[in-house]
Structures are given as C-alpha cells and as structure tokens.
Amino acid sequence: MQPNAPGVQPGSGVSAAPPRALKVVTLNCWGLWIVAKRRQYRMDAIASWISKSDADVVLLQEVFLQADVASLITAAESGGCSNSHRFRGGVLGGELLTLSRYPISTAQFEQYSVAGGPAAPHH
C-alpha cells in the first residue's frame with residue numbers, strides 16, 4: 001500500500017492497486033531435431049511470439065538444443081521475462097524451459113515413473 005494513495009486510508013487494509021491476474025502460457029515446442037520437421041521455423045516463430053507476449057510465465061517443453069534455449073531466452077528478455085530456468089532431462093528427456101517476469105526462487109522437477117520412451121515419439 002502506498003502511504004499517500006488517494007482514497008486509501010493508512011491501516012485500512014485496502015490496496016491502492018487492484019490485484020492482477022497471473023498470465024501463464026505452456027507450449028510443447030516439438031523441438032526434437034531428429035524427427036521434428038521445420039523445427040527451426042517453429043522455434044523462430046515461438047521466439048517472435050514470446051518477445052511480443054504479455055505473459056508473466058512461459059513454460060516450454062521439448063526444447064532440446066542449446067541454440068534454441070539461447071534464442072528463446074533472448075526473446076523472452078526482450079519481452080520482459082528476464083528470469084529463466086532449464087530442466088535438462090538427459091538423453092532425450094523432457095528438456096523444460098521456464099521463462100518468467102518474476103524471479104524464480106526455487107525450481108523442482110518431478111519425473112513420472114510411467115512415461116513414453118524416445119522409441120515411440122507418437123505416444
């Protein structure tokens with residue numbers, strides 16, 4: 001609360017600014033370079049969208065290549081999401097990328113015990 005906000009009395013518990021909804025976007029990027037057709041075109045389009053988005057948090061799956069990670073982080077930074085965290089899933093793992101306008105204080109990955117394998121990308 002701002003002490004001199006118009007119409008707000010100190011100690012009233014009323015905030016001068018209305019609460020803001022958190023905008024979250026999640027997307028499977030289908031970035032498995034081995035089988036994904038037009039991967040570079042898709043990653044470029046996603047980066048372009050992120051740079052113009054007003055999303056507060058962007059959660060991306062299947063971002064495997066470091067070049068794609070770097071491009072997406074750069075796009076996010078230009079759009080105001082200056083915080084990021086990457087979960088590396090190992091050999092053809094999930095490769096998750098979180099981009100956020102807000103600091104990421106902790107991050108945790110919970111791997112499912114039952115999941116499709118890389119030999120069946122159509123699962």
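## A walk through the sheet and its salt bridges

In strand 2, Leu59 is the bridge partner of Thr26. What you are looking at is a predicted model, with an average pLDDT of 82 for the protein and 73% of the residues scoring at least 70. Take care with residues 1–6, where the pLDDT is below 50; this stretch has eight contacts in the model beyond near neighbours in sequence.

Now back to the strands. Strands of a sheet pair through backbone hydrogen bonds, either parallel or antiparallel. Here, four strands form an open sheet in the order 1-2-4-3, and the pairing is mixed. Strand 1 (24–28) and strand 3 (83–87) are the edge strands, each pairing on one side only. On average, neighbouring strands of this sheet are turned by 10° against each other, if direction is ignored.

You can follow the order across the sheet. Strand 1 and strand 2 (residues 57–61) run parallel and are joined by five bridges. Next, strand 2 meets strand 4 through four bridges, and these two run antiparallel; in strand 4, Ser100 stands opposite Val57. Finally, five bridges connect strand 3 with strand 4, again an antiparallel pair, and Arg86 has Leu97 in strand 4 as its bridge partner.

How enclosed is strand 4 by the rest of the structure? Four of its five residues are buried, so strand 4 is largely enclosed. Helix 2 (residues 66–78) lies across strand 2, strand 3 and strand 4 (96–100), and runs at about 15° to strand 4.

Searching the whole structure turns up five salt bridges. One of them joins Asp56 and Arg20, whose closest N and O atoms are 3.0 Å apart. Because Asp56 sits in the loop between helix 1 (39–52) and strand 2, and Arg20 in the segment before strand 1, this pair ties together parts that are 36 residues apart in sequence. Asp56 is buried, at 0% relative accessibility, whereas Arg20 is exposed, with a relative accessible area of 53%.

Asp56 also forms a salt bridge with Arg101 (3.6 Å, N to O). That pair links distant parts of the chain, 45 residues apart, with Arg101 in the segment after strand 4. Arg101 is partly exposed, at 25% relative accessibility.

Glu95 is buried at 4% relative accessibility, and Arg86 is buried with a relative accessible area of 17%. As for Arg20, Asp56 and Arg101, salt bridges that share partners join them into one network.

Conventions
Residues are numbered from 1 along each chain as its sequence is written. This is a predicted model: local features need pLDDT of at least 70, side-chain atom pairs count only at pLDDT 80 or more; totals for chains, interfaces and linings use all residues. Side-chain values use heavy atoms; hydrogens and water are left out. pLDDT is the predictor's confidence in each residue, from 0 to 100. Contact means heavy atoms within 4.5 Å. Two strands pair if DSSP finds at least two bridges between them. Axes are lines fitted to C-alpha atoms, for helices over the stretch in contact, and angles run from 0 to 180 degrees between N-to-C directions. Buried means under 20% relative accessible area, exposed over 50%, partly exposed in between (1.4 Å probe, protein chains only). A salt bridge is a side-chain nitrogen of Lys or Arg within 4 Å of a carboxyl oxygen of Asp or Glu.
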